[in-house]
Amino acid sequence: HGWLLKPVNFDETKKYPLAFLIHGGPQGIWDDSFGYRWNVQSYAGEGYVVVAINFHGSLGYGEQFQRAVSRSWGNDSYDDLMKGLDYVLANYSFIDETKICGLGASYGGYMVSIYLFIYLIINIYIYLFIFIYLFNN
């Protein structure tokens with residue numbers, strides 16, 4: 001479960017950058033409320049599509065779902081976030097896939113760091129493979 005907010009003055013024929021918000025906790029939740037710290041509407045007001053996924057550990061889905069993250073930081077929650085991101089990119093053509101920003105604090109910041117680490121490792125191996133291939137042929 002998650003939220004998708006369209007930007008103010010939304011036009012389906014245009015492409016918009018994506019603000020991918022990741023809540024803290026990890027036992028937090030994105031719900032229908034207003035907050036001064038993570039006001040999702042403020043990003044939509046600035047022209048972003050906003051996606052906020054309630055991953056394993058989030059409140060409101062039962063105790064087992066909430067406790068699933070306790071000894072598994074970065075596993076199921078990471079998978080949930082990536083599945084949510086993949087889904088919105090595949091189903092909403094108005095999102096500019098080249099302009100995605102991950103935002104998080106506390107556990108959300110931890111998850112952004114995990115994503116960046118995985119992204120960097122994958123790219124390092126790709127470039128290393130290309131480098132080795134080019135200089136050995």
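## Ser77 in helix 3

Ser77 belongs to helix 3, where helices are DSSP runs of H or I with at least four residues, strands are E runs of at least two, and both are numbered from the N terminus. Ser77 counts as buried because its relative accessibility is 1%; buried means under 20% relative accessible area, exposed over 50%, and partly exposed in between, with a 1.4 Å probe and protein chains only. The C-alpha atom of Ser77 is separated by 8.4 Å from that of Met111, 34 residues apart along the chain.

## Basis of the model and overall fold

The model is predicted: local features need pLDDT of at least 70 and side-chain atom pairs count only at pLDDT 80 or more, while totals for chains, interfaces and linings use all residues. Residues are numbered from 1 along each chain as its sequence is written, and side-chain values use heavy atoms, with hydrogens and water left out.

The chain contains four helices and four strands, which follow one another from the N terminus as β-β-α-β-α-α-β-α. Of the 137 residues in the chain, 33% are buried.

## The second largest pocket

Rolling a probe the size of a water molecule over the atoms shows where empty space is left. A pocket here is an open set of points on a 1 Å grid over the protein atoms alone, where a 1.4 Å probe fits, with protein on both sides within 12 Å along at least five of seven lines; lining residues have an atom within 4 Å of a point. The second largest pocket has a volume of about 230 Å³, volume being the space filled by probe spheres set on the points, which are joined across faces, edges and corners.

The lining of this pocket comprises 13 residues, of which Phe20, Ile100, Cys101, Gly102 and Tyr115 are the closest to its centre. Two or more lining residues come from each of strand 2 (16–22), helix 3 (76–91), strand 4 (95–104) and helix 4 (107–135). By class, the lining holds 12 nonpolar residues, one polar residue and no charged residues. In this scheme Ala, Val, Leu, Ile, Met, Phe, Trp, Tyr, Cys and Pro are nonpolar, Asp, Glu, Lys and Arg are charged, and the others, Gly among them, are polar.

## Asp96 in strand 4

Asp96 is located in strand 4. Asp96 is buried but has no salt bridge, and the nearest side chain of opposite charge, Lys99, is 4.2 Å away. A salt bridge requires a side-chain nitrogen of Lys or Arg within 4 Å of a carboxyl oxygen of Asp or Glu; Lys and Arg count as positive and Asp and Glu as negative, with His and the chain ends not counted.

## Loop residues

Asn9 is in the loop between strand 1 (2–5) and strand 2. Asn9 counts as exposed because its relative accessibility is 70%. Although Asn9 is not a glycine, it has a positive phi of about 60°. Most residues other than glycine have a negative phi.

Tyr48 occupies the loop between helix 1 (40–45) and strand 3 (49–53) and, at 31% relative accessibility, counts as partly exposed. The C-alpha atoms of Tyr48 and Ala19 are separated by 6.0 Å, with the two residues 29 apart along the chain.
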